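Here's a walk through one chain, element by element. Have the sequence and the 3D view open while you read.

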Amino acid sequence: MYFRIVNCIAIHLILSYQVCSMKSFEFTAGRTFLLRLDHGKDLVEQLKDFLKEKEVRTAFISGIGAVISAEIGYYDQKRREYVKKRFDERSEILSLSGNVSLFEGKAFPHIHIVLGYDNRIYAGHLFSAEVFACELFVVELAGIPPERSFDEETGLNLW
Ligand code: ZN
């Protein structure tokens, strides 16, 4: 009886696994870096240069700091294009998080940011930002790197 129940659960788990179409990747912790980005330079470009120099292809990104200006946006799901907006207010980076995967063979950071200025909040997908001061954690994920490619369903480059 006990074995029948265990077998039933095992078969159920196998079937559940087979019908699940969600993609997942497993990694082990790699190197961990703490970066202080240069004042006056672009946040995303500095990060890309660092990833290239250290040969990081998959990572978790987190950060705080302040920006002089930024270009952020959101993805218009119906029109299938990004809507960008530039902010010239000197703002706090209240939250910055993202990941790194491969796109066209290169390390590609995908970053979202929450900026705070004079009790107002701006948030979205980060395209660029002129750094005032910024501290970033880059946690490398060791394993086979996910690779982005065009996804018909969303119009996005997903892994
Ligand atoms: Zn995004």
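## What helix α2 sits on

The buried residues of α2 pack against β1 (28–37), β4, β5 and β6. A few terms before going on. Helices (H or I, at least four residues) and strands (E, at least two) are DSSP runs, numbered from the N terminus. A residue is buried if 20 or more other C-beta atoms lie within 10 Å of its own, exposed if 12 or fewer, and partly exposed in between, with C-beta atoms placed from the backbone. Two residues are in contact if their C-beta atoms, placed from the backbone, lie within 7 Å.

This is a predicted model, in which local features need pLDDT of at least 70 and side-chain atom pairs count only at pLDDT 80 or more, while totals for chains, interfaces and linings use all residues. Residues are numbered from 1 along each chain as its sequence is written.

## The chain as a whole

The protein chain has 2 helices and 8 strands. Read from the N terminus, the elements go α-β-α-β-β-β-β-β-β-β. Of the 159 residues, 21% are buried. Take the contacts between residues at least 6 apart in sequence: 72% of them join residues at least 24 apart.

Helix α2 covers residues 43–54. Which residues of α2 are buried? They are L43, L47 and L51. Seen down the axis of α2, the buried residues fall within an arc of 65°, so they line one face of the helix. That arc is taken from the directions from the helix axis to the C-beta atoms.

## Either end of the helix

K41 is in the loop between β1 and α2. K41 counts as partly exposed because it has 13 C-beta neighbours inside 10 Å. Leaving aside neighbours within four places in sequence, K41 is in contact with Q46 and V131. K41 and A133 are 92 residues apart along the chain, yet their C-alpha atoms are separated by 9.8 Å.

After α2 comes E55, in the loop between α2 and β2. E55 isn't a glycine, but has a positive phi of about 55°. With 8 C-beta neighbours inside 10 Å, E55 counts as exposed.

A107 lies in strand β5 and is 52 residues from E55 in sequence, but 8.2 Å away in space, C-alpha to C-alpha. Buried or exposed, given the 20 C-beta neighbours that A107 has inside 10 Å? That count makes A107 buried.

Not counting residues up to four places away in sequence, A107 touches K48, L51, K52, V56, R57, V100 and L102.

Strands count as paired if DSSP finds at least two bridges between them. Strand β4 (residues 91–103) runs antiparallel to strand β5 (residues 106–117), and 11 bridges join them. In that pairing L96 stands opposite I113. The hairpin has 2 residues between the strands, and E104 takes a positive phi near 50°.

β5 is also joined to strand β6 (residues 120–142), again antiparallel, by 6 bridges. Here G116 stands opposite I121. This hairpin has 2 residues between the strands as well, with D118 at a positive phi near 50°.

## Hairpin β2–β3

Strand β2 (residues 59–76) and β3 pair in the antiparallel sense over 7 bridges, and D76 has E81 in β3 as its bridge partner. There are 4 residues between the two strands of this hairpin. R80 sits in the turn and has a positive phi of about 55° although it is not a glycine. R80 is exposed, with 10 other C-beta atoms within 10 Å.

Notes. The expected span of a helix is 1.5 Å times one less than its number of residues.
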